[in-house]
Amino acid sequence: MLDAYRGELTRFHEALAREEYEHYSGRKETLELEPIYDRYGHLFTREAIEALRREREAIPESFETSRRALDLLIADATERALEMSVHSLTEQIARAEAEAEILWDKVTLTFYQAKQRLATEPNPRRRRELQAQCTEVIRRTNELRLERWRQLHRAARGFGYANSRALYQAVRARDFEVLGHQWARFLEETDELYRAHLHDALMSELGLRPAEADRADIPAFFHLERYADVFPRDGLRAIYEEVWQGLGLEVDRQENIEVDDEERPRKHPRAFCVPIRIPEEIKLVIAPNGGVPDYQALLHEAGHAQHYAWTSAALLPEFKYSGDRAVSESYAFLFESLLREPRWLDEALHFLASEHFLKLMWVHRLFLLRRYAARCEYEQLLHATDEPEALASEYAERLTRATGFRHGPEEFLSDVDDGFYAADYWRAWVAEVWLRDHVKTRFGHRWWRHPRAGRFLIELWETGERYTVEELIRQIDAGDPSIEPLVDEVRAALGRRRRRG
Ligand SMILES: [Zn+2]
């Protein structure tokens, strides 16, 4: 039974990934999930999951790998069952967003174009007007989102869990108590440092006082218009090749990664990676607009692409497609970190980064870490409630407090990824500091110039998603990843400062 199940599961992943790639790369107008779930839905029924559970119980305790494999199959099937139960609502929400029109300067923009425009609009008043129109699009879909959320809860209960938080705790073995302590501590310990630096960065980059900072300003805050020339749109491809060359990987001979940098009108505006068949067919899609966020996205997605491309073909499909998502995210974050390395900026971009620029990079990082810590705290409540609408103001308060940018309540469901993905990002951030520290200790501070570092990473990548990110860190460093290094490096980079303003 299991061999047949694994074969079907692999074909399901391939079909779903191919559909997503075709749609988001702008080759295909609609995203059609229904035929895929019709064809493969039998893999994710309660009966199918019960059968997997019986298989797992029959495995002797000493067969750790086989038991782990079954655990992952069960986790994947349970999450897919939840997705499947709401797919028509998912499609309706996607359609509503895709069809939304925003009139701006006598031109009709799509919802995504309007969000892009926010990054380059220099006038704060106009940013707020444009944001208000985007928020209105979200507000109009909130009834559908509420219904979708309630349905997800019903599905979780149908599987015998009290709520979806309990479900993730059980099927993905997440320790929300430990994580909850980490989120609270991180927010508390970095609060003063963040506020002092946010004050300076807002003044210098946007001419705003902290009390004026609004959610509408976030894209412009990240875009860093004054450095746009350093990060040109036509330089992305060369950077991709340069990064891997330094590590001894010749990307032009990697036939399993296809870089799609063609321009298409409906192409998603940010880079993304789709592993259609791991490791045989990986797509890295670039939609170059230029600027710091685009370079960051490219390095991030390129890290995913290499991980999938080097994953051993011999692994069971659940160790390629269904494992710990934080593993691949930690490799992606490792390559993103190059943008905070003055020596890399000089070598790759011929940019002698000023102290000012580097501080901005660290303030951005701290913003993201704090935003996710707050989002995770909020989502933990959301996953455990039957009345999500009562938490909208909680969302606004927590996000405002953590980021220093005023948030309204409207995005309380749209700013949430399925599967408690935010917690996996968080775990990946915690692990990545350990991984980076290890790579630097072994291969030097310019680790990205050492083919031996490349070979070390390939050895890790070959294990696909066989281990959790915490297990990987324990293997290379013999320690349990704690958040100390994450806090320490932000302090070291930004320095302790007195509170101002
Ligand atoms: Zn990622």
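In this predicted model, the centres of domain 1 and domain 2, taken over C-alpha atoms, are separated by 26 Å. Domain 1 spans residues 1–85 and domain 2 spans residues 161–494. The two domains are in contact. Domain 1 contributes 23 residues to this contact, and domain 2 contributes 25. On the side of domain 1 that touches domain 2, the elements giving two or more residues are α1 (2–24) and α4 (64–85). Helix α1 supplies the largest share of that side, with 10 residues. By class, this side of domain 1 holds nine nonpolar, nine charged and five polar residues.

The overall fold was examined next. The protein has 21 helices and five strands. Its radius of gyration is 22 Å, close to the 23 Å that the globule rule gives for 501 residues, so the protein is as compact as a globular protein of that length. Along the principal axes, the C-alpha atoms fill a box of roughly 65 × 55 × 45 Å. Of the 501 residues, 38% count as buried. Contacts between residues at least 6 apart in sequence were also considered. Among these, 75% join residues at least 24 apart.

The largest nonpolar core comprises 113 residues. Within this core, Leu284 and Leu298 touch the most other members. Helix α18 (residues 421–443) gives the most to the core, with 13 residues. Both domains take part: the core draws at least three residues from each of domain 1 and domain 2. Another core, of nine residues, lies apart from the largest one. Its members include Leu118, Val137, Ile138 and Ala216.

Strand β5 (residues 281–285) is mostly covered. Four of its five residues are buried. With strand β3 (residues 257–260), the pairing is parallel and runs over four bridges. Here Asp260 stands opposite Val285 of β5. With strand β4 (residues 272–277), the pairing is antiparallel and runs over five bridges. In that pairing, Lys283 of β5 is the bridge partner of Val274. Strands β4 and β5 form a hairpin, with three residues between them.

Glu459 and Trp310 are 149 residues apart along the chain. Their C-alpha atoms are separated by 8.5 Å.

Methods
Residues are numbered from 1 along each chain as its sequence is written. This is a predicted model: local features need pLDDT of at least 70, side-chain atom pairs count only at pLDDT 80 or more; totals for chains, interfaces and linings use all residues. A nonpolar core is a set of buried Ala, Val, Leu, Ile, Met, Phe, Trp, Tyr and Cys residues joined through C-beta atoms within 7 Å. A residue is buried if 20 or more other C-beta atoms lie within 10 Å of its own, exposed if 12 or fewer, and partly exposed in between; C-beta atoms are placed from the backbone. Domain bounds come from an automatic or database domain assignment. Two residues are in contact if their C-beta atoms, placed from the backbone, lie within 7 Å. Ala, Val, Leu, Ile, Met, Phe, Trp, Tyr, Cys and Pro count as nonpolar, Asp, Glu, Lys and Arg as charged, and the others, Gly among them, as polar. Two strands pair if DSSP finds at least two bridges between them. The radius of gyration is taken over C-alpha atoms; the globule rule is 2.2 Å times the number of residues to the power 0.38.
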